[in-house]
Amino acid sequence: MAVLYPNTPLPYQPTHKGTLNQYLTSYKWQAWFTGSGEPNAPFETLDNLFGRWRSHLANRSGLQVGSIGVFTTDPVPHIHCLLIGTNRHGQTMDDLSSSLREELEFAWERMAHRPGRIALIAHPEAVTTYVVNGNTIAKPSRFLSPRGIKTLKRFKIN
């Protein structure tokens with residue numbers, strides 16, 4: 001299966017903010033996940049943990065879940081992932097109960113031994129701006145492996 005999105009460390013420049021922000025805002029994001037990793041955790045570790053956690057999310061929620069995220073080591077290794085989910089019954093990430101979100105946060109903590117938080121997104125533009133301005137530009141960062149490519153394609157705005 002071909003990877004359709006960037007997954008290599010890029011030398012971001014402040015002039016790339018607009019392009020990256022435009023890329024991320026071309027999706028109808030529904031939820032946002034932030035997960036910390038062990039001190040000095042490498043990219044591959046958190047990328048794999050997030051893949052396992054996302055599978056758990058899909059299994060427990062009954063949703064097909066697409067995600068794009070970034071990994072950064074500043075100030076500690078952590079990830080920020082934007083999430084989209086849907087199923088054939090019309091449910092989305094917005095339908096996740098608070099108890100299921102708490103269960104998913106606890107699942108990350110069991111896997112990573114560090115906190116993780118999932119939140120529904122009220123203002124997608126604000127979240128994508130935070131990810132771009134606060135976690136990629138001028139900081140060592142990488143894209144996580146995109147997951148749920150078919151779901152991502154269905155939710156692409158442009």
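The crossing of helix H2 and helix H3 is right-handed; a crossing counts as right-handed if the near helix is turned clockwise from the far one by less than a right angle, and as left-handed if anticlockwise. The model is predicted, with local features needing pLDDT of at least 70 and side-chain atom pairs counting only at pLDDT 80 or more, while totals for chains, interfaces and linings use all residues. Residues are numbered from 1 along each chain as its sequence is written, and side-chain values use heavy atoms, without hydrogens and water.

H2 covers residues 43–61 and H3 residues 98–112; the two pack at an angle of about 150°, and their axes are 10 Å apart. Axes are lines fitted to C-alpha atoms, for helices over the stretch in contact, and angles run from 0 to 180 degrees between N-to-C directions. H2 and H3 are therefore roughly antiparallel to each other, a term for angles over 145 degrees.

Helices (H or I, at least four residues) and strands (E, at least two) are DSSP runs numbered from the N terminus, and two strands pair if DSSP finds at least two bridges between them.

| Strand pair | Bridges | Direction |
|---|---|---|
| S2 and S3 | 9 bridges | antiparallel |
| S1 and S3 | 6 bridges | antiparallel |
| S1 and S4 | 5 bridges | antiparallel |

Gln64 has Thr86 of S3 as its bridge partner, Trp32 stands opposite Leu82 in S3, and Thr34 is partnered by Arg117 in S4.

The structure holds 6 salt bridges, each a side-chain nitrogen of Lys or Arg within 4 Å of a carboxyl oxygen of Asp or Glu. In one of them, Glu38 pairs with Arg114, and the closest N and O atoms are 3.5 Å apart. Glu38 lies in the loop between S1 and H2 and Arg114 in the loop between H3 and S4, so this pair ties together parts that are 76 residues apart in sequence.

Definitions and conventions
Parallel < 35°, antiparallel > 145°, perpendicular 65-115°, else oblique.
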